[in-house]
Amino acid sequence: MKNIILIGFMGVGKGSVAREMIKNSDYISIDTDDLIESMENKKIKKIFEDDGEVYFRALEKDVSLWLEKSVQNTLRSTGGGFYKVKNLKKIGTIVLLDSPFKEIIKRIKAHPNAAKKLKKRPLLKDLKKAEELYEQRRPEYLALADVVVDVTKKSALDCTKEILKKVKKYV
Ligand code: S3P
């Protein structure tokens, strides 16, 4: 078993898929945003407010180096910008959860906790800017991914089954 790294835009469902993957495989999961929040003892939103995005990106880099060196055989669920760390390819098989921007926003808004989900993500505050960020990132996500799963209108369980099938040749 080798590492699987879930990448993809904010709100695409990396957390939900990771939770379903744990139930349906032998993987345990590590969430890079959770690691950062516990390292700093602060919510991501507060890190952005107090220390800024550049500081947050440096924390993502620290986490990626630690993951490369010290943790094996895990599923890693990552923040939407984590893919930029330099050693991503060395960490494991990269799985992109992909969906059009409009579908991602629809998905967030349909959630019972929609307001909270939007509020905790500083880069979703301005949806126009968020869409620009999506357009800029999507080709970069696609270029990095070993496996692409279109998650549009699929349940987390269906995505999990598809991922487990597609990663077989890598892990
Ligand atoms: C970010 C995505 C967030 C979080 C931070 C920055 C990004 O994680 O890491 O707010 O740059 O796309 P999610 O993708 O889980 O929302």
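Biologist: Which element gives the largest share of the lining of the largest pocket?

Modeller: Happy to walk you through it. This is a predicted model, in which local features need pLDDT of at least 70 and side-chain atom pairs count only at pLDDT 80 or more, while totals for chains, interfaces and linings use all residues. Residues are numbered from 1 along each chain as its sequence is written, and side-chain values use heavy atoms, with hydrogens and water left out.

Now to your question: α1 provides the largest share of the lining of the largest pocket, namely six residues. Helices here are DSSP runs of H or I with at least four residues, strands are runs of E with at least two, and both are numbered from the N terminus. A pocket is found on a 1 Å grid over the protein atoms alone, as an open set of points where a 1.4 Å probe fits, with protein on both sides within 12 Å along at least five of seven lines; lining residues have an atom within 4 Å of a point.

The largest pocket holds about 800 Å³ of space, where a volume is the space filled by probe spheres set on the points, which are joined across faces, edges and corners. Its lining has 35 residues, and Asp31, Asp33, Gly79, Lys120 and Arg121 are nearest the centre. Two or more lining residues come from each of α1 (14-23), β2 (28-31), α2 (32-40), α3 and α4. Sorted by class, the lining has 15 charged, 10 polar and 10 nonpolar residues. Here Asp, Glu, Lys and Arg count as charged, Ala, Val, Leu, Ile, Met, Phe, Trp, Tyr, Cys and Pro as nonpolar, and the others, Gly among them, as polar.

What does this pocket hold? The ligand sits there, meaning that more than half of its atoms lie within 2 Å of the pocket's grid points. Around the ligand are 14 residues, of which Lys14, Arg57, Gly80, Arg121 and Arg137 come nearest; a residue is near if one of its heavy atoms lies within 4 Å. At least two residues of this shell come from each of α3 (44-51) and α4 (53-70).

Finally, look at the polar contacts, pairs of N or O atoms within 3.5 Å. A side-chain N or O atom of Lys14 is 2.6 Å from an oxygen atom of the ligand. For Gly80, a backbone N or O atom is 2.8 Å from a ligand oxygen atom, and for Gly81 a backbone N or O atom is 3.3 Å from one. The protein buries 93% of the 390 Å² that the ligand exposes when taken alone, with accessible areas from the Shrake-Rupley method and a 1.4 Å probe.

Notes. Polar contact = N/O pair within 3.5 Å; in protein donor to acceptor, adjacent residues only side chain to side chain.
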